[in-house]
Amino acid sequence: MNPYITYAIYAVLSAAVLVGLYMQSRVKSAVAGNLLCVGAMIAAIVVTFITNSANIWFVLVAVAVGTVVGLVWAKKVKMIEMPQMVGMLNGIGGLASAMVGAIELMRVESSAFANVTAALALVIGGVTFAGSLIAALKLARKIDTRPKRIPGYSVISIALIILMIGSCVLAGIGGFNLIACIVGAVSSLAFGWVFAMRVGGADMPVAISLLNSLSGVAGAIAGMAISNILLVSIGGIVGSSGLLLTNIMCRAMNRKLSDVLLGSTAKPQEKTPEAPVAEAAPVEEAQEEEEVEEDNFKLTDAKDVIIVPGYGMALSQAQHKVRELTERLEKNGARVRFAIHPVAGRMPGHMNVLLCEADIDYDYLYELDAINDDFANTDAVIVVGASDVMNPAAREAEGTPIYGMPILNVDQAKHIIVCNFDLKPGYAGVENPIYTRKHGIRLLLGDAKDSLDILVREF
């Protein structure tokens, strides 16, 4: 194929991906934007086949196997498992780039530039794979979700970074490619493990978005190593958009990215007054216990209601019951809004996706800055499986993992209805003083769908 035609096709496909990403930033065009990106990726694969015909049958078999595995995986994975799936997909992208880098390093005749970029793809891809694997295991609660305090973390991290840089230097010198490959692979996997183990709690969404960016950067550098301009372009788009998202998440968490990377936010937690930890009580009993405490407040009297969704709503798959309650409230003459914290759930946009699945109009969703001042004047706040994003300890308990994080001002509301499974701390492991509030709170403990059903039946 004429190289100028090839470059023109690459430019069109890259532009299509950019347009698709832009369309995904708006609810009404998000699905079309996603399909546009998928179409561009399929076209990119076809173009790659046409311009690189060597070993095409081997590649076709690999693509077919990957397609089947991806379709089966996507079909079986539940919506609640989407964060860890995204984490693993980031890791697989990094692993693919690392493998390309390793294979390129093993070539007999390669330029210094190809060797250095191959080594860079290997180490960045290795960090992405190991970090994403640990992040996915934490999100799935297969390992301890809290930040792990590693003795000598800074010294270990610096030593591993020096080894990764050293492997790239060795690759550039030439003649040491095998050593560079081994050192780069081992040090990058170790650094990814150390980094991800150190991050936890409320900082996990930041880590996920950063790993997403690194998968794109690794792909772009792998494209440089094998002289594939399209891979460089698409990888750069993924990397830059991931970095923008990481910056947004850091601002939402009131964190510096350097603090997250160096583990500075994982400080020992100071002791705070402990809230009584209750077992998952039958919701009917919980309702009866709190009726007197509520000073005869009834949800049916509320005319302005804010609903705060959290990861517990995803666990219980209660979004459809939330929509039903919303409809009952509106028929009763109430105004209903949803307060969406930037890090609610386990990944950026988690709550938005779940509520959209339940056909709740996007106009009902308000970001933290847009709704935070309204909590003090609303009639009632209904919390559905949330804790960290509304924990006043973020304002008051210095030294805790969430200290300094902007939160939803739920504690300022006159009446709060909490539909949580129990009173245990949230993902960050910090006790929530709202649960020990003496007045204006109603605790419906147990499965969120059952708790919401009680509220629906009150109408």
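Which residues does isoleucine 382 touch, not counting residues up to four places away in sequence? The close-ups below take up this question and a few others, using a predicted model.

**View 1. Isoleucine 382 and its contacts.** Leaving out residues up to four places away in sequence, isoleucine 382 touches Leu299, Val305, Ile306, Ile307, Val308, Leu325, Leu329, Ile417, Cys419 and Leu455. You can look for each of these names around the side chain.

**View 2. The largest nonpolar core.** This core has 67 residues, and the ones that touch the most other members are Leu299, Val308, Ile382 and Val410. Strand S4, residues 380-384, supplies the largest share of the core, with 5 residues. Another core lies apart from this one and has 36 residues, including Val123, Ala171, Cys181 and Leu211.

**View 3. Asparagine 254 in its loop.** Start at helix H9 (229-253) and follow the chain towards helix H10 (257-261): asparagine 254 sits in the loop between them. Apart from neighbours within four places in sequence, asparagine 254 is in contact with Gly404, Met405 and Pro406. Now find isoleucine 402, which is 148 residues away from asparagine 254 along the chain, yet their C-alpha atoms are separated by 9.5 Å.

Note on methods
Residues numbered from 1 in each chain as written. Predicted model: local features only at pLDDT ≥ 70, side-chain atom pairs only at ≥ 80, totals over all residues. Heavy atoms only, no water. Core = buried A, V, L, I, M, F, W, Y, C linked by side-chain atoms within 4.5 Å. Buried < 20%, exposed > 50% of the residue type's maximum accessible area, 1.4 Å probe, protein only. Helix = DSSP H or I, 4+ residues; strand = E, 2+ residues; numbered from the N terminus. Contact = heavy atoms within 4.5 Å.
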